[in-house]
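Have the viewer ready and try each task before you read its solution.

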Amino acid sequence: MRALSLLKRYMSNVPWAVWQNGYRWSSSVQKLESNTTLLKHLAYKINATGPISVAEYMREALTNPVSGYYTRNDMLGPDGDFITSPEISQIFGELLGVWCVSEWMAAGKPSVLHLVELGPGRGSLAGDILRVFRQLKSVLGEADVSLHLVEVSPKLSRVQAERLTRDQQQEYDAKEELVYRSGTTHTGLPVCWYRRIEDVPKGFSVFLAHEFFDALPIYKFQRTEKGWREVLVDVDPESPDKLRFVLSHSPTLASATFVQLDEKRQHVEVCPEGGVTIQNLANRIAEDGGAALIADYGHDGIKTDTFRGYKGHQLHNVLEAPGMADLTADVDFGYLRKMAGGQVTCLGPITQQSFLKNMGIDTRMQVLLRSCHDKDTQAQLIHSYDFLTNPKKMGHRFQFFSVLGRGRLAQSKGHQKAGTPPPVAGFTELCRQ
Ligand code: SAH
């Protein structure tokens, strides 16, 4: 059964139900109180031991256990700092849910299916996918399905648990516990929370990472007449409560290790944590079977300086008020492909517009529009569709990238001979699937 048939089967039962009062999200987002603790901590450290890497700065600003932006904050939605596709429309998660079932079927319907999401935010994507799984229960049959969430933020994990679980979810205090929260989803599936991907149990898994890789710390390097130099974060000598970028005087361990010998750009950003994460996914997919779908803003190894901050939906100086703003850098999919290695096959990146159209978003829209007679709701539907697919909005800014087992494409030799792309849902034009 192809993705479109799965989508049709799903759609026969599910109307446009989640959209409420014009928004999917509640407007009770808590604003962070002004906080200079992290700035003081970083300035103290830099004064004591010298400038720090951009990666260390970014890690502290985003995930410091006490003052980090993600650790303390629920930042998604109109009252927060940025908005993501799963928060815009239920259709996004529904189509990704169909993708998961489609890849599970292509693997020969293994008896176990782990749905693993990295950085689940407010849990909206997982919630929409669980609804697809419930509707396609007869397709999933007796498969042992479970949900595994990798989330560094205790605060967001609570938001996710409220959204996804029945009331018997448990929280474990001990720092050394691999699972720090567990429960049962509204649809009756077991769900567990982990801090690290390494802690998720092995087994056939579909991994999803939406706007996750862009939050991982990057190093920055500048080509100079003397060779590559690392960009570091220092205290501004003119005003001790401000930070500034400086260039290392000599090569650093990071510049010697992370810049590729054949690098052509003048300035590069490298995300080794992203590299380690993709290697981890690739090893698991090669050993236990499965697939990964990564969606983010990014490029294929061509962009240079993309490090930026967002606060209240506006661009924000990355070095100002650390811990109070989202920091992000475009994902280098070329680097991820290289780090995934030869044991898996990578597809993409392709634009979000192409991916969603290949997954049947137009068909889903037609069904929803036909079944809804309220003019306001129809206008909201069209608005969200435009936001997700318009090349000037999220349609081209976001890219989809997939990691698959090597055997996955070998099944489609006939297609390769015919010169057509392999039938992996989302990466192949709808009529060819
Ligand atoms: N996927 C969601 C949220 C994106 S925001 C959406 O698209 O709406 C990034 C998410 O990744 C947050 O949930 C954040 O807490 C989590 N995160 C950031 N860095 C992380 C890390 N190093 N390990 C685990 N989770 C992380």
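**Exercise 1. How much space lies in the largest pocket, and which residues lie nearest its centre?**

Step 1: The largest pocket holds about 840 Å³ of space. Before going on, note that this is a predicted model, where local features need pLDDT of at least 70 and side-chain atom pairs count only at pLDDT 80 or more, while totals for chains, interfaces and linings use all residues. Residues are numbered from 1 along each chain as its sequence is written, and side-chain values use heavy atoms, with hydrogens and water left out.

Step 2: On a 1 Å grid over the protein atoms alone, a pocket is an open set of points with protein on both sides within 12 Å along at least five of seven lines; a cavity is a set where a 1.4 Å probe fits but cannot get out, and lining residues have an atom within 4 Å of a point. Grid points are joined across faces, edges and corners, and a volume is the space filled by probe spheres set on the points.

Step 3: Find the lining. It has 40 residues, and those nearest the centre are Thr63, Gly119, Val152, Phe212 and Leu216. Helix H3 (54-63) is one of the elements that supply at least two lining residues, and H3 has the largest share, four residues. Helices (H or I, at least four residues) and strands (E, at least two) are DSSP runs, numbered from the N terminus.

Step 4: Sort by class. The lining has 19 nonpolar, eight polar and 13 charged residues. Here Ala, Val, Leu, Ile, Met, Phe, Trp, Tyr, Cys and Pro count as nonpolar, Asp, Glu, Lys and Arg as charged, and the others, Gly among them, as polar.

**Exercise 2. Which space does the ligand take?**

Step 1: The ligand takes the space of the largest pocket; the test is that more than half of its atoms lie within 2 Å of the grid points.

Step 2: Look at the neighbours. There are 18 residues around the ligand, with Thr84, Gly119, Gly121, Glu151 and His210 the nearest; a residue is near if one of its heavy atoms lies within 4 Å.

Step 3: Check the polar contacts (pairs of N or O atoms within 3.5 Å). Ligand oxygen atoms lie 2.6 Å from a side-chain N or O atom of Thr84 and 2.5 Å from one of Glu151. Gly121 takes part through a backbone N or O atom, 3.0 Å from a ligand oxygen.

Step 4: Taken alone, the ligand exposes 570 Å², and the protein buries 95% of that. Accessible areas come from the Shrake-Rupley method with a 1.4 Å probe.

**Exercise 3. What is the volume of the largest cavity, and which residues are closest to its centre?**

Step 1: The volume of the largest cavity is about 150 Å³.

Step 2: Its lining has 18 residues, and Ile218, Cys271, Asp330, Val331 and Asp332 are the closest to the centre.

Step 3: By class, this lining divides into nine nonpolar, three polar and six charged residues.

**Exercise 4. Is the peptide bond from Gly348 to Pro349 cis or trans?**

Step 1: Recall that most peptide bonds are trans, and most residues other than glycine have a negative phi.

Step 2: The bond from Gly348 to Pro349 is cis, with omega near 5°. Pro349 has its place in strand E17 (residues 344-351).

Step 3: Now turn to His313, which has a positive phi of about 65° although it is not a glycine. His313 lies in the loop between strand E13 (308-311) and strand E14 (314-316).

Key: Polar contact = N/O pair within 3.5 Å; in protein donor to acceptor, adjacent residues only side chain to side chain.
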